[in-house]
Amino acid sequence: MEEVIYKAKKFTLVRKARVVGGRTVWGEYLIHPGAVAVLALRGGRIVMVRQFRSAIGEWTLEIPAGTLEGGEDPESAAVREMIEETGYKPLRLVPLLEFYPTPGVSNELIRIYFTDKLEYVGVSGRDPGEVDMSVVEVTPGEALRMVESGEVKDGKTIIALLAARLRGLLPHHDYAF
C-alpha cells in the first residue's frame, strides 16, 4: 500500500506499508526521478561549480549535477546539466558509477559520468536559483586535498573523485595516497 502525502517539483513524499514479521509497518519515503553528475577534466583540471545550497544554508563546491526531468535519458541529462552549469558540452561520457545516496529515506539513484573531452558552448538554461553559481577549476590533487580537509562535503563529489582516482582516470602527480 502506498499513499501520496505531498507532491513537489523534484520529489514525491509517500507513506508505504510492508509486512515485517507478520506485522504491517509504515514508513515515509521520497520518490525521486533520479539524478546525474559529471566528473569533467579540462586540461588536467576538474571542472566544478560553487553554488549555494539552501537546504544546508552554505556554499558548496561540487561536480556539476542535476535531477532527471520526466523520463529523460540520463546521458542527455548529463549533457544538459554540464551546459547549464558550466557552459561545457561533453563530447563523450563514460559511466563511472551509480549509487543511492540516502536509501533509508529516498529511492534517488545518482548516475555519475566521466569525461575528458569538452567543447565550450556557453552557459544556458540555468535555474533561477543557480544564477549566482560559478565555475571553479582545480587540479585533482587540490580536489582530493579539499575532500581530506573537509572543505568538499558533497557526497556525490567525494564518491566521484575517489572512484575516478581508484580507476586511474585522474592524473596523480600532485597527490598521493
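Just after H3, Gly-168 adopts a positive phi of about 75°. Gly-168 is exposed, its relative accessible area being 57% (exposed means over 50%, buried under 20%, partly exposed in between, with a 1.4 Å probe and protein chains only). The C-alpha atoms of Gly-168 and Thr-86 are separated by 24 Å, and the two residues lie 82 residues apart along the chain.

The model is predicted: local features need pLDDT of at least 70, side-chain atom pairs count only at pLDDT 80 or more, and totals for chains, interfaces and linings use all residues. Residues are numbered from 1 along each chain as its sequence is written, and side-chain values use heavy atoms, with hydrogens and water left out.

The chain has 177 residues, of which 43% count as buried. Its secondary structure comes to 3 helices and 12 strands. These are DSSP runs numbered from the N terminus, with helices being H or I of at least four residues and strands E of at least two. Along the principal axes, the C-alpha atoms fill a box of roughly 55 × 35 × 30 Å. Among contacts with a separation of 6 or more, 59% join residues 24 or more positions apart (contact means heavy atoms within 4.5 Å).

Helix H1 covers residues 74-86. Its 13 residues should span 18 Å at 1.5 Å a residue, and its end C-alpha atoms are 18 Å apart, which agrees. The expected span is 1.5 Å times one less than the number of residues. H1 is mostly covered, with 10 of its 13 residues buried. Among them are Pro-74, Met-82, Ile-83 and Thr-86. The charged residues Arg-80, Glu-81, Glu-84 and Glu-85 are also buried.

Helix H3 covers residues 155-166. Its 12 residues should span 16 Å, and the end C-alpha atoms are 16 Å apart, which agrees. The buried residues of H3 include Lys-156, Ala-160, Leu-161 and Arg-165.

Two packed helices are described by the angle between their axes and the distance between the axes. Helix H2 (residues 140-149) packs with H3 at an angle of about 130°, the axes being 11 Å apart. Axes are lines fitted to C-alpha atoms, for helices over the stretch in contact, and angles run from 0 to 180 degrees between N-to-C directions. H2 and H3 are therefore oblique to each other (under 35 degrees is roughly parallel, over 145 roughly antiparallel, 65 to 115 roughly perpendicular, and the rest oblique). Ala-143, Leu-144 and Val-147 of H2 make the contact with Ile-158, Leu-161, Leu-162 and Arg-165 of H3.
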